[in-house]
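Work through the exercises below with the structure open beside you. Try each task before reading its solution.

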Amino acid sequence: MTSAATRVLIAEDEALIRLDLKEMLEEEGYVVVAEVGDGQQAVDQARALTPDLVILDVQMPVLDGLAAAEQIAAARIAPVIVLTAFSQRELVERARDAGAMAYLVKPFSKNDLVPAIEVARARFLEMTALDAEVGDLKERLEARKVVERAKGKLMADRGITEAEAFRWIQRTAMNERTSMRVLAEAIMEEHSVTEPEGDPAAR
């Protein structure tokens, strides 16, 4: 299984949920490298262990999950999934702004967990690729926003997945020797994008 080498850090202050989560992950072949009960420990352990993925509960002592997510995401340590007992839109947006790549609403099952992990890891790789293009932090954030919007437009126009939309942007930007941000801005300006011949994502 591809997840066998994926090392996960769990931060959850409720021991029972932490245990359930660990069992779910291990059953799917993930390796839990640390379990902590507060946000500050999560940040410290993430820095020390550099896991492949960090799962954070929002409500935690010392440092809450969103603040911890922000620090871990800013340091580009690993993709972050946020756990919450609430599905409010505002909280989801705050988690995204903090750098979370995906979120899960409790109670959740393995059927929810595994896809969220795949989404988080794929988005983290996208962000890393995008950040390699842009040095300035403010410009980086703007680039991310416009690429997210362009991905959404491509997904709606073509009925393709988020990953396919990003690959199309990445590949087309390389072919046209431009940046992903410039291409994404062009996508948003045009009513429809001219599809390159033989592009599997365009079919």
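**Exercise 1.** Which residues of helix H2 (residues 39–49) are buried?

Solution. The model is a predicted one. Buried means under 20% relative accessible area. By that cut-off, the buried residues of H2 are Gly39, Ala42, Val43 and Ala46. They lie on the same side of H2, because the arc they cover around the axis is only 95°. Next, look at what they pack against: strand S1 (7–11), strand S2 (31–36), strand S3 (53–57) and helix H3 (65–74).

**Exercise 2.** Examine the two ends of H2.

Solution. Begin at the start of H2, where a side-chain oxygen of Asp38 comes within 2.9 Å of the backbone nitrogen of Gln40. Then go to the other end: just after H2, Thr50 has a positive phi of about 40°.

**Exercise 3.** Which residues of the largest nonpolar core touch the most other members?

Solution. This core has 24 residues, and those touching the most other members are Val54, Leu56, Ile72, Val80 and Val82. Now find the elements that supply the core: S1, S2, H2, S3, H3, strand S4 (80–84) and helix H4 (89–97) each give at least two residues. H3 contributes the most, with 4 residues.

**Exercise 4.** Leaving aside neighbours within four places in sequence, which residues is Val80 in contact with?

Solution. With those neighbours left out, Val80 is in contact with Val54, Leu56, Ala69, Ile72, Ala100, Met101 and Ala102. Ala102 also belongs to a second, separate core of 21 residues, which includes Leu104, Ala120 and Met127. As a general background, nonpolar side chains tend to be buried together in soluble globular proteins.

Note on methods. Residues numbered from 1 in each chain as written. Predicted model: local features only at pLDDT ≥ 70, side-chain atom pairs only at ≥ 80, totals over all residues. Heavy atoms only, no water. Buried < 20%, exposed > 50% of the residue type's maximum accessible area, 1.4 Å probe, protein only. Arc of directions from axis to C-beta. Contact = heavy atoms within 4.5 Å. Polar contact = N/O pair within 3.5 Å; in protein donor to acceptor, adjacent residues only side chain to side chain. Core = buried A, V, L, I, M, F, W, Y, C linked by side-chain atoms within 4.5 Å.
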